[in-house]
Amino acid sequence: MNPQALRLDHARALLREAGVALPPPASANDWTEIQAIIDGLCELSARDPLTGLPNRRAFLGRLTQELDRSSRAGEMALLLMIDIDHFKSVNDRYGHLAGDAVLRAVARLLSEQVRPMDTVARLGGEEFGVVFPHCGPTFGALLAERLRAAVAATVMPLPDGQATLQVTVSIGGAYSPAWVRSSVEHWMERADRQLYEAKRQGRNRVCIEPVPVNEVSPEEKDLLFAWHDASGYMIDAADAV
Ligand SMILES: Nc1nc2c(ncn2[C@@H]2O[C@H](COP(=O)(O)OP(=O)(O)OP(=O)(O)O)[C@@H](O)[C@H]2O)c(=O)[nH]1
């Protein structure tokens, strides 16, 4: 197919507007630019335009990967749902542009507080999600509290340059169960329930679902390893009996 025959102007314009650099337009037999456009569009479809963070779609993909990885490795991962408190009153009082500036500032703050292997995303509205791979209960509680405290302590300048304001966030969290393949929906629902609890208890706080003890016995873990070693891949327990 001749790349010139494709209608690429719209995609080029979209990417230019989003600040994605493209190579010079392709000649008839050069697919470099087409590939760059495809890559750029994939990148755009995964990003929240206001904050530059991964969007909900990208975050769901990341959670799926993390569930697969942590259930194979027998590690826990922590999912946090973070919601700005009384955000509607920021919009009502200072205007939508100020609200947008607060969303960008919170996004930046959260991103600055996490480790390179963690993922911060904007899930929509004034809600953010963070996933911490390989994270146990003691460390997880510290990380969540650090995020809450960082937001509460920050004075944010508003776009008019005159006013500043401070906001707080409520945080709900849940761990992925080690050794057990759960679903992303269930994981998010558990974290959401804790977020609701944090709001109910008065906001500006962290609630994390307690980790169930002895979810899988050491014998069951050995069994999982044995099946893995013998066959080269994990056999479903139901198929093995
Ligand atoms: N500026 C701005 N506002 C947004 C955006 N997305 C959603 N909102 C606003 O976020 C507000 C969310 O308000 P509510 O869901 O009532 O929650 P809240 O006021 O934060 O109250 P609590 O969550 O109960 O503490 C609404 O006013 C939305 O219009 C956005 O991209 N920019």
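How far apart are the end C-alpha atoms of helix α3 (residues 56-73), and what span should its 18 residues have?

## Helix α3

At 1.5 Å a residue, the 18 residues of α3 should span 26 Å, and the end C-alpha atoms lie 25 Å apart, which agrees; the expected span is 1.5 Å times one less than the number of residues. Helices (H or I, at least four residues) and strands (E, at least two) are DSSP runs, numbered from the N terminus.

This is a predicted model, in which local features need pLDDT of at least 70 and side-chain atom pairs count only at pLDDT 80 or more, while totals for chains, interfaces and linings use all residues. Residues are numbered from 1 along each chain as its sequence is written.

## The buried face

Phe59, Leu63, Glu66, Leu67 and Ser70 of α3 are buried, that is, 20 or more other C-beta atoms, placed from the backbone, lie within 10 Å of each one's own. Seen down the axis of α3, the buried residues fall within an arc of 105°, so they line one face of the helix; the arc is that of the directions from the helix axis to the C-beta atoms. Just after α3, Gly74 takes a positive phi of about 70°.

## A loop residue

Gly202 lies in the loop between α7 (184-200) and β7 (206-208). Gly202 is exposed, because 9 other C-beta atoms lie within 10 Å, and a residue counts as exposed at 12 or fewer. Although Gly202 and Ser89 are 113 residues apart in sequence, their C-alpha atoms are 16 Å apart in space.
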